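Me: Could you walk me through some features of this model, one at a time?

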Amino acid sequence: MHQRPSIVAQTLRAGFLVLLSACLVPIHADARPVSRVVIDPGHGGKDKGTHRGSVYEKNLALQVGLKVEALLKAKGMPVTMTRRTDTFLSLEKRAAIANRYKDAVFVSIHFNGHSNYRYHGVETYYYGAQGQKLAAHIHLRLLSRLKIKNRDTRQRKDLAVLRLTRCPAVLVECAYLSNPYERKRAQKGSYQDACAQAIVDGIFAYKTYR
Ligand SMILES: [Zn+2]
């Protein structure tokens, strides 16, 4: 004789199915669609950025940017560079390049400068809620890889390159070139490698985790 399952059995079975379907969702499922990374090495050409002696922000930003590009491509992630040489590019043009793509993220790479040489550390700026999440992932990894003073993440509505970019956008200040210790570190390939790896790890963490 066929008996209707009790309400308790039905509830248990429903609960089991919910649990089963949750387990069947692949753990590598991406939380956010990121189909391209737009890397923007700051400044360039006539715009040197901050500088001390022969150390120019525009050159260091490009060196880190090219390392990020290589790491991302090695992981199969499509990359667009706003510049790959020492050329000038307006902020509007940089944002327009990013705005060509759907589901992109934008990372602008800079080094900081201050009139007080004691200022040091790393800071990450963002614009918008998704930018904030991307900034948090990248910043956390910069801190752990670089062992550097935490100057936090901050929303910057005044930075055109972030404000005009429609996709999640962040700007990383990798070190203070006005600080003698950080200026020396920033020129080392190993430091630039660590910056690049932190940025790449942060992007993939943003893509994967909520
Ligand atoms: Zn800059």
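Me: How are the donor residues of the zinc ion spaced in sequence?
Reply: Happy to start there. Donors are N, O and S atoms within 2.8 Å of the metal (3.2 Å for Na, K and Ca), and water is not among the atoms, so sites may look incomplete. Here the spacing is H-x13-E-x52-H. Glutamate 57 belongs to helix H2 (residues 57-74) and histidine 110 to strand E5 (residues 104-112), so this pair ties together parts 53 residues apart in sequence. Helices (H or I, at least four residues) and strands (E, at least two) are DSSP runs, numbered from the N terminus. This is a predicted model: local features need pLDDT of at least 70, side-chain atom pairs count only at pLDDT 80 or more, and totals for chains, interfaces and linings use all residues. Residues are numbered from 1 along each chain as its sequence is written, and side-chain values use heavy atoms, with hydrogens and water left out.

Me: Which atoms coordinate the zinc ion?
Reply: They are His43 (NE2), Glu57 (OE) and His110 (ND1), at 2.0 to 2.1 Å.

Me: How many aromatic pairs does a search of the whole structure find?
Reply: A pair of aromatic rings is described by the distance of the centres and the angle of the planes. Rings of Phe, Tyr and Trp (its six-membered ring) pair if their centres lie within 6.5 Å; planes under 30 degrees apart count as stacked, over 60 as edge-to-face and the rest as tilted. The search finds 1 aromatic pair. Tyrosine 119 and tyrosine 176 have ring centres 6.2 Å apart and planes at 50°, so the pair is tilted.
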